[in-house]
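Take a look at the chain shown below. This report walks through a few of its features, one at a time.

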Amino acid sequence: MNNETRITIVNGNLHVENAHITFKNFEGRSDQYNMNGAKSFALVVPEEFVDMLQANGWKLRIKPDTKGEGDFVTLKVKVKFNNQGPGVYLNSVGRATKLNDATVGMLDHIRMTNIAMIIRPYDWALNGNSGRTAYLQAMEAEQIIDAISAKYQAQEYAQPVDVDVQDPSMIENF
């Protein structure tokens, strides 16, 4: 399986496969970087996509390395539930659940893999300033879950578990 992030631009929107995200704040908690209720996350942008995104007007940030692995580039993505979306789906033990404004905060507390998303731009101009804001339009992800939790979660759903416990992308083995 190829775990490399792929980003394409389709009708002005970013389509991202195998995304890696950081600085998760799906709950919208207030901190030194976020006002209360502002849900967001940062998409980690691989080096080979930086020039393409910048040439298309996306504002990227370079984040300093704190773990000795080198600096990395991110795109801040806002998550705002309204008539336009987003549609956020979490697959856990073979069951997909659509998350909403009240439940999307759970993504802050779980590990995910196979993340795919569509990000739409919002170009703005105000008082002589202009820019582009990235908004999540749709997202799907699989929850990484340990084998014991998977067993009991499947019982709660009253369906048989069809999960390969040898596949590390689906099950976290200790």
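Predicted model: local features only at pLDDT ≥ 70, side-chain atom pairs only at ≥ 80, totals over all residues.

Start with helix α1, which spans residues 47–55. Which of its residues are buried? They are Phe49, Val50 and Leu53. Looking down the axis of α1, these buried residues fall within an arc of 125°, so they line one face of the helix. An α-helix has 3.6 residues a turn, so residues three or four places apart point the same way.

Now turn to the face pointing away from the buried side. It carries the exposed residues Glu48, Asp51 and Ala55.

## What covers the helix

The buried residues of α1 need cover from elsewhere in the chain. That cover includes four strands: β1 (6–10), β2 (13–19), β4 (39–45) and β6 (72–79).

After α1 comes glycine 57. Its phi is positive, near 90°.

## A network of salt bridges

How many salt bridges does the structure hold? There are 5. Glu27, Arg29 and Asp108 are linked in a network of them.

Glutamate 27 bridges to arginine 29, with the closest N and O atoms 3.3 Å apart. Arginine 29 also pairs with aspartate 108, where the closest N and O atoms are 2.8 Å apart. This second pair links distant parts of the chain. Arginine 29 sits in the loop between β3 (21–25) and β4, while aspartate 108 sits in the loop between β8 (95–99) and β9. The two are 79 residues apart.

Are these residues buried or exposed? Glutamate 27 has 35% relative accessibility, so it counts as partly exposed. Arginine 29 is partly exposed too, with a relative accessible area of 36%. Aspartate 108 is at 14%, so it counts as buried; the cut-off for buried is under 20%.

## Another bridge

Aspartate 123 forms a salt bridge with arginine 132. Their closest N and O atoms are 2.6 Å apart. Arginine 132 is partly exposed, with a relative accessible area of 23%.

## A nonpolar patch

Finish at the surface. Which residues form a nonpolar patch there? Tyr122, Trp124 and Leu126 do, with about 330 Å² of accessible area together.

Look at tryptophan 124 in particular. It lies in strand β9, which covers residues 111–126. Its relative accessible area is 33%, so tryptophan 124 is partly exposed.

Technical notes. Residues numbered from 1 in each chain as written. Heavy atoms only, no water. Patch = residues over 30% accessible without salt bridge, like charges linked within 9 Å, V, L, I, M, F, W, Y side chains within 5 Å. Areas by Shrake-Rupley, 256 points an atom, 1.4 Å probe, with all protein chains shown as cover. Salt bridge = Lys/Arg side-chain N within 4 Å of Asp/Glu carboxyl O. Buried < 20%, exposed > 50% of the residue type's maximum accessible area, 1.4 Å probe, protein only. Arc of directions from axis to C-beta. Contact = heavy atoms within 4.5 Å.
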